Amino acid sequence: MKDIELCEKDTPGSDVSIDTYHVPVLGQELIAGLAVRPGGRYLDATLGGGGHTSLILAAAPDVTVVAIDRDEQAIRFCQARFANLPVEFWHGNFAEYQSSEAEFDGIIADLGVSSAQFDTPERGFSFRHPAQLDMRMNQQQSLTAEEIINHWEEVKLADIIYKYGEERLSRRIARRIVQGRPFQTTTELAGAIASSFPPKQRNGRIHPATRTFQALRIAVNSELASLETFLHQAPRWLKPGGRIGIITFHSLEDRPVKHQLRGTPNLQVLTKKPIGPQSEEVARNPRSRSAKLRLAERLT
């Protein structure tokens, strides 16, 4: 369950439970589109809590899954969850994964931040609770949100807030951040960002800091560059007739997915328009509301 256009005011405040680590978004639609084959081999490029991997394993007999995640917490959780099941784990960025040609019957990726990451205050993805400015999906990397906020130049700050957050007040926000340095916690930063907005815009459904936090997270984790690399590599890993399904949550993710699937010669796009969640799923899981699923099949 991933969403970075999330309104912080309409989400639960409690920490994520181990029993609800990952509710798979568009699960039925993804499995139907993937057309899981008995004995098939599948790649889950964004494991999270294993929600989609679980659905793949249940969809047909004798299925095996290779599961990737850059978050060690997700890997450890799923190693316990799928103990004694045919799941192979690989810890790292999906852009760095290496596969032999035509190895998989299907590939999936559910982009963005996982609910477990978002709902764990100390990870620093959310401003609902005071926490260190971290935002690392892979906690072994050195770059954090704190480094960006407290040490990057104002122009560079404004550029990433505009580019990755599509925030029209990016320059004003960057100026306010530089003036208020150093920042120690997520809530301090969110308050400074909110103060950059006119008073009438500070109490809407979407918190004023949402887009800037999105931009910081994308920059910390090099999300769009990693996605571009993955989109170029993944089609080669599919067997003829194999399918790829990618779930996105905002236009910065969806645009490159749409163009790359359409522009890859050995892929046939199966979704002229992206598949969105049904109203029942949105009611059950509000974070699914902006999800879009695109599917393609490797030609024989």
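A cavity is, on a 1 Å grid over the protein atoms alone, a set of points where a 1.4 Å probe fits but cannot get out, and its lining residues have an atom within 4 Å of a point. Grid points are joined across faces, edges and corners, and a volume is the space filled by probe spheres set on the points. The structure is a predicted model, in which local features need pLDDT of at least 70 and side-chain atom pairs count only at pLDDT 80 or more, whereas totals for chains, interfaces and linings use all residues. Residues are numbered from 1 along each chain as its sequence is written, and side-chain values use heavy atoms, with hydrogens and water left out.

A search of the whole structure finds 4 cavities of 30 Å³ or more. The largest cavity holds about 280 Å³ of space. It is lined by 23 residues, of which Thr46, Arg70, Phe94, Gly112 and Met137 are the closest to its centre. Two or more residues of this lining come from each of β2 (64–69) and α10 (223–233); helices (H or I, at least four residues) and strands (E, at least two) are DSSP runs, numbered from the N terminus. The most is given by α10, with 4 residues. By class, the lining of the largest cavity consists of 9 nonpolar, 8 polar and 6 charged residues. In this division Ala, Val, Leu, Ile, Met, Phe, Trp, Tyr, Cys and Pro count as nonpolar, Asp, Glu, Lys and Arg as charged, and the others, Gly among them, as polar.

The strands were examined next. An open sheet of 7 strands has mixed pairing and the order β3-β2-β1-β4-β5-β7-β6; two strands pair if DSSP finds at least two bridges between them. The edges are taken by β3 (87–91) and β6 (267–269), each of which has a single partner strand, so one side of each is left without a neighbour in the sheet. On average, and with direction ignored, neighbouring strands of this sheet are turned by 20° against each other. Such angles rest on axes that are lines fitted to C-alpha atoms, for helices over the stretch in contact, and they run from 0 to 180 degrees between N-to-C directions.

Strands of a sheet pair through backbone hydrogen bonds, either parallel or antiparallel. The parallel sense is found between β1 and β2, which pair over 4 bridges, and Arg41 stands opposite Thr64 in β2. In contrast, β6 and β7 run antiparallel and are joined by 3 bridges, with Leu267 having Arg298 in β7 as its bridge partner. In β2, 5 of the 6 residues are buried, so this strand is largely enclosed by the rest of the structure. Here buried means under 20% relative accessible area, exposed over 50%, and partly exposed in between (1.4 Å probe, protein chains only).

Helix α3 (residues 72–81) lies across β2 and β3, running at about 165° to β3. Helix α1 lies across β1, β4, β5 and β7, and runs at about 165° to β5. Helix α1 (residues 27–34) is mostly covered, with 6 of its 8 residues buried: Gly27, Glu29, Leu30, Ile31, Gly33 and Leu34. The cover over these residues includes β1 (41–44), α2 (51–59), β4 (104–110), β5 (238–248), α12 (279–284) and β7 (292–298), where contact means heavy atoms within 4.5 Å. In helix α8 (residues 186–194), the buried residues are Thr186, Leu189, Ala190, Ala192, Ile193 and Ala194. Their cover includes α5 (145–151), α7 (170–180) and α9 (210–221).

Several backbone features were also identified. Most residues other than glycine have a negative phi, and most peptide bonds are trans. Leu26, in the segment before α1, has a positive phi near 50° and counts as buried at 0% relative accessibility. Just after α1, Ala35 takes a positive phi of about 50°. In the loop between α3 and β3, Asn84 has a positive phi near 70° and is exposed, with a relative accessible area of 83%. The peptide bond from Arg181 to Pro182 is cis, with omega near -5°; Pro182 lies in the loop between α7 and α8.

Finally, Leu111 is found in the loop between β4 and α4 (115–118) and is buried, with a relative accessible area of 6%. Leu111 and Leu227 are 116 residues apart in sequence, yet 8.7 Å apart in space, C-alpha to C-alpha.

Technical notes
On a 1 Å grid over the protein atoms alone, a cavity is a set of points where a 1.4 Å probe fits but cannot get out, and a pocket is an open set with protein on both sides within 12 Å along at least five of seven lines; lining residues have an atom within 4 Å of a point.
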